[in-house]
Amino acid sequence: MLDMQRALDLKALAATCPLTAGDYITARYALPVTDGAVQLELVAPQGNGHVDAVDKDVFLFVLNGQFSINGTSMFEGQGSKVNAGTTFEWSATPGTRLFAMGVTETEKGEPGVVAIDTAAVMSPSNPPPAEYLIGPTPECQSAPAWRSCNGQFYGGTWSATPYFRKKIPYVHDEFMYLLDGCVSFVNAAGEKQTFKAGDAFLICRGASCSWESLGVVKKIYGIFRPVEL
């Protein structure tokens, strides 16, 4: 049984979980979620096929292999959001593994695919709250790629200078793929996990962990943060 109180190494999980390659729609391994507001899945597509439009915005990230949507290819380390209402043809090379994060979109928008550009120009963004930090406040930058589902679902790239953040409970589900740098987390059980450039991982709502980065970190992120009722 997966321990959702720790960061999940998605590449390692995709290599060991009961997941058989096949159709994009059905070759899936569902991760436990806090509620039905978000779907978190590993996908093992192989071959090609057709997908009818659905009412979800879906962030897809290529963990291994190559995945194409309507003839546009994504390679390992690349991600895109497929907008709700988008019909598409897909193809995948053998051994392809994807991470999928889906959230229902209640407002009708334009069909299409929004790619995360890792070379996008970044602008200054807010650092973590001062009360969470031990030591200097980092300089942060970001390049948002999208924000949808009433502002609850968003993704892009982000970077920060080194910092140490206290252990806090996550109120959002966050996918991260490190483009540069290294970061260590210590969870509520005292377990330390360290990830480096090229690693993809997931921290879910309810998990509690610290953050420590000794150098500049840059990442791709995909976040679902439900609106508080």
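A nonpolar core, as I use it here, is a set of buried Ala, Val, Leu, Ile, Met, Phe, Trp, Tyr and Cys residues joined through side-chain atoms within 4.5 Å. Buried means under 20% relative accessible area, with exposed over 50% and partly exposed in between, using a 1.4 Å probe and protein chains only.

The model is predicted: local features need pLDDT of at least 70, side-chain atom pairs count only at pLDDT 80 or more, and totals for chains, interfaces and linings use all residues. Residues are numbered from 1 along each chain as its sequence is written, and side-chain values use heavy atoms, leaving out hydrogens and water.

Overall, the protein has one helix and 21 strands, taken as DSSP runs (H or I, at least four residues; E, at least two) numbered from the N terminus. Of the 229 residues, 48% are buried.

Now the cores. The largest has 30 residues, and those with the most contacts inside it are Leu-42, Phe-59, Phe-61, Phe-99, Phe-175 and Leu-202. Elements that each supply at least two of its residues include helix H1 (10-16), strand S5 (56-64) and strand S21 (217-224). Another core, of 21 residues, lies apart from it, with Cys-140 and Phe-201 among its members.

Leu-202 touches Phe-99 and Phe-175, among others, not counting residues up to four places away in sequence; contact means heavy atoms within 4.5 Å.

Gln-152 sits between strand S13 (140-148) and strand S14 (153-160). Is Gln-152 buried or exposed? Its relative accessibility is 17%, so Gln-152 counts as buried.
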